[in-house]
Amino acid sequence: MTSVDPNAFKAAAGSFATGVTIVTSKRDGQVYGMTVSAFASLSIDPMQIIVSLRGGALLNDMINDSKGFAVSILKEGQKEIAAYFAASGREPCADEFPGIPCEFGVSGAPIIGGSLAHFDCTLATTYDGGDHVIFVGNVDEAVAGDGEPLMYYKGSYRALNALG
Ligand SMILES: Cc1cc2nc3c(=O)[nH]c(=O)nc-3n(C[C@H](O)[C@H](O)[C@H](O)COP(=O)(O)O)c2cc1C
């Protein structure tokens, strides 16, 4: 067992500045999503990405059942969308999220309208990640647009500033 203080762990992990993604899935006409910073591109051949989701999250079951998910990378102006998808106690929605326009990927998962980029994926496999589950997706679609990313650092949303 580690003797590391959980708060020290969280402070160190939170010092890694990330972008902000919304991971979504659709099952039986119902959509759900979660704000996720634990995203990474994994492999080019095969083309794969990973996300790490808290064990027991509703989204996990939806991805396992539907075998598909999408990852939308948020733009600078989409802080409210990140906050919506980070709130707990939400229920899945019929067809669409209230007030959040979406397109739908090949997997059927919603893609957040106006996002900076997105991946639409078929579930490849999952790995046990302690109290999280690592989802590996085979990328069926990858699209990037223009704009600036929403960032997350030390518990706050941030904007990216170029160093020049
Ligand atoms: C900026 C940010 C990043 C987050 N990253 C993750 C993540 O990588 N994995 C995760 O499981 N939860 C992450 N969360 C927490 C989930 O968004 C939150 O627990 C979830 O949406 C609540 O819904 P649930 O009740 O279905 O779990 C993050 C939250 C925020 C605000």
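# Briefing: fold, cores and local backbone features

The protein contains three helices and 13 strands. Its radius of gyration is 16 Å, close to the 15 Å that the globule rule gives for 164 residues, so the protein is as compact as a globular protein of that length. The model is a predicted one.

**Overall dimensions and surface**

- The C-alpha trace spans about 45 × 45 × 40 Å along the principal axes of the protein.
- Of the 164 residues, 35% are buried.
- Among contacts with a separation of 6 or more, 65% are between residues 24 or more positions apart.
- The accessible surface amounts to about 9200 Å², and carbon and sulfur atoms account for 54% of that area.
- There are 18 negative and 10 positive side chains. The centres of these two sets are 8 Å apart.

**Nonpolar cores**

- The largest nonpolar core consists of 21 residues. Val23, Val51, Leu53, Ile63 and Phe69 have the most contacts inside this core.
- Two or more residues of this core come from each of β3 (30-36), β5 (48-54), α2 (58-66), β6 (68-73), β10 (117-129) and β11 (132-144).
- The element that gives the most to this core is β10, with four residues.
- Ile63, one of the residues with the most contacts inside the largest core, touches Val23, Ser25, Leu53, Gly68, Phe69, Leu123 and Phe135 when neighbours within four places in sequence are left aside.

**Val133 in strand β11**

- Val133 is part of strand β11.
- Its relative accessible area is 23%, so Val133 is partly exposed; the cut-off for a buried residue is under 20%.
- Val133 and Arg54 are 79 residues apart along the chain, yet their C-alpha atoms are separated by 6.2 Å.
- Apart from neighbours within four places in sequence, Val133 is in contact with Val51, Ser52, Leu53, Gly55, Asn60, Thr126 and Tyr127. Of these, Val51 and Leu53 are also listed among the residues with the most contacts inside the largest core.

**The loop between β4 and β5**

- Ile44 is placed in the loop between β4 (39-43) and β5.
- With a relative accessible area of 70%, Ile44 lies over the 50% cut-off and is therefore exposed.
- Ile44 is 43 residues from Met1 in sequence, and the C-alpha atoms of the two are 36 Å apart in space.
- Pro46 is found in the loop between β4 and β5. The peptide bond that joins Asp45 and Pro46 is cis, with omega about 5°.

**Positive phi outside glycine**

- Asp28 has a phi near 50°, a positive value in a residue other than glycine.
- Asp28 is located in the loop between β2 (21-27) and β3. Its relative accessibility is 75%, so Asp28 counts as exposed.
- Lys154 is not a glycine but has a positive phi of about 50°.
- The position of Lys154 is the loop between β12 (150-153) and β13 (156-159).

Methods
Residues numbered from 1 in each chain as written. Predicted model: local features only at pLDDT ≥ 70, side-chain atom pairs only at ≥ 80, totals over all residues. Heavy atoms only, no water. Rg over C-alpha atoms; globule rule 2.2 N^0.38 Å. Buried < 20%, exposed > 50% of the residue type's maximum accessible area, 1.4 Å probe, protein only. Contact = heavy atoms within 4.5 Å. Areas by Shrake-Rupley, 256 points an atom, 1.4 Å probe, with all protein chains shown as cover. Lys, Arg positive; Asp, Glu negative; His and termini not counted. Charge placed at Lys NZ, Arg CZ, Asp CG, Glu CD. Core = buried A, V, L, I, M, F, W, Y, C linked by side-chain atoms within 4.5 Å.
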